[in-house]
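Have the sequence and the 3D view open as you read.

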Amino acid sequence: MDVLVLIDKLDDLVRSAKPVPLKDQVRVDKDKLRDILDQMRSTIPEEIKQARWIAKERDDMLAQATREAERIVKEARERQARLVSTHELPRQAERAAQDIIDAAHELERDIRLGGEDYADEILNTLELNLSRFSAAVQRGRERLQGRGQPAEAG
C-alpha cells in the first residue's frame, strides 16, 4: 500500500477520534493505530527501495546519455577533422602550386632583368667601341684628305 494512503488513514483516524473532555486530546483506537503503523513499517522500506532503484536507474540513464553524447561529439569532431583534411589537401596543393608558379615568375623576371642588364652592358661597350672606331675612321679620312697632313720640316 502507498505510504501517503496510510498517512491519510492515520489522519482520518485522528480526526474521527473521540475528544477527551476538557483537554486538547483525542482517544484513538489502539488496534487501528497499531495496524496502520504496522502497514507503514512494511510499506516504507519497500517504497524506499523503489525510490533508490528509480534514482539508480535515473543515474544510469544519465550516465549512458552522457556517454552517448560524448561519443556523438567525438564522432562529429573526427568527421569534421576528416572533412577539413580532405578539403585541406587540395588547398595545400593549390598553395604549393601557386608558390611554385610565383617562384617561376620571380625567376623568369630575374633572368629577364639580368638578360636586359647584360644586353645593355654589351650594347654600351659596343657603342663605346663604335664611337672609338668612328673617331678612328674619321681621323683616317681626314689624313687621307690631307687635312691632318703633318707640317713640312724645313
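A patch here is built from residues with over 30% relative accessible area and no salt bridge, and nonpolar side chains are joined within 5 Å. The model you are looking at is predicted. In it, Leu123, Leu126, Leu130 and Phe133 make a nonpolar surface patch of about 420 Å².

Take Leu123 as an example. Leu123 sits in helix α2, which covers residues 30-144. Its relative accessible area is 53%, so Leu123 is exposed.

## Overall shape

The protein has two helices and two strands, and from the N terminus on the order of elements is α-β-β-α. The radius of gyration is 57 Å, well over the 15 Å that the globule rule gives for 154 residues, so the protein is more spread out than a compact globule. Along the principal axes, the C-alpha atoms fill a box of roughly 185 × 40 × 20 Å.

How many of the 154 residues count as buried, as a percentage? The figure is 5%. The accessible surface comes to about 13900 Å², and carbon and sulfur atoms hold 56% of that. Among contacts with a separation of 6 or more, 47% are between residues 24 or more positions apart.

Val3 belongs to helix α1, residues 3-15. Is Val3 buried or exposed? With 12% relative accessibility, Val3 counts as buried.

Leaving out residues up to four places away in sequence, Val3 touches Thr43, Ile44 and Glu47. Gln39 is 36 residues from Val3 in sequence, and their C-alpha atoms are 8.5 Å apart.

## Salt bridges along the helices

Side chains of opposite charge can pair when their charged atoms come close. The count for this model comes to ten salt bridges. One of them joins the side chains of Asp11 and Arg15, at 2.8 Å from N to O. These two residues are four apart in helix α1, about one turn of the helix. Asp11 is partly exposed at 33% relative accessibility, while Arg15 is exposed at 64%.

Asp38 and Arg41 form a salt bridge with their closest N and O atoms 3.1 Å apart, and the two lie three residues apart in the helix. Elsewhere, salt bridges that share partners link Glu68, Arg71 and Glu75 into one network.

Conventions. Residues are numbered from 1 along each chain as its sequence is written. This is a predicted model: local features need pLDDT of at least 70, side-chain atom pairs count only at pLDDT 80 or more; totals for chains, interfaces and linings use all residues. Side-chain values use heavy atoms; hydrogens and water are left out. Patches are made of residues with over 30% relative accessible area and no salt bridge: like charges are joined within 9 Å, nonpolar side chains (Val, Leu, Ile, Met, Phe, Trp, Tyr) within 5 Å. Accessible areas come from the Shrake-Rupley method with a 1.4 Å probe; for residues, only the protein chains shown count as cover. A salt bridge is a side-chain nitrogen of Lys or Arg within 4 Å of a carboxyl oxygen of Asp or Glu. Buried means under 20% relative accessible area, exposed over 50%, partly exposed in between (1.4 Å probe, protein chains only). Contact means heavy atoms within 4.5 Å. The radius of gyration is taken over C-alpha atoms; the globule rule is 2.2 Å times the number of residues to the power 0.38.
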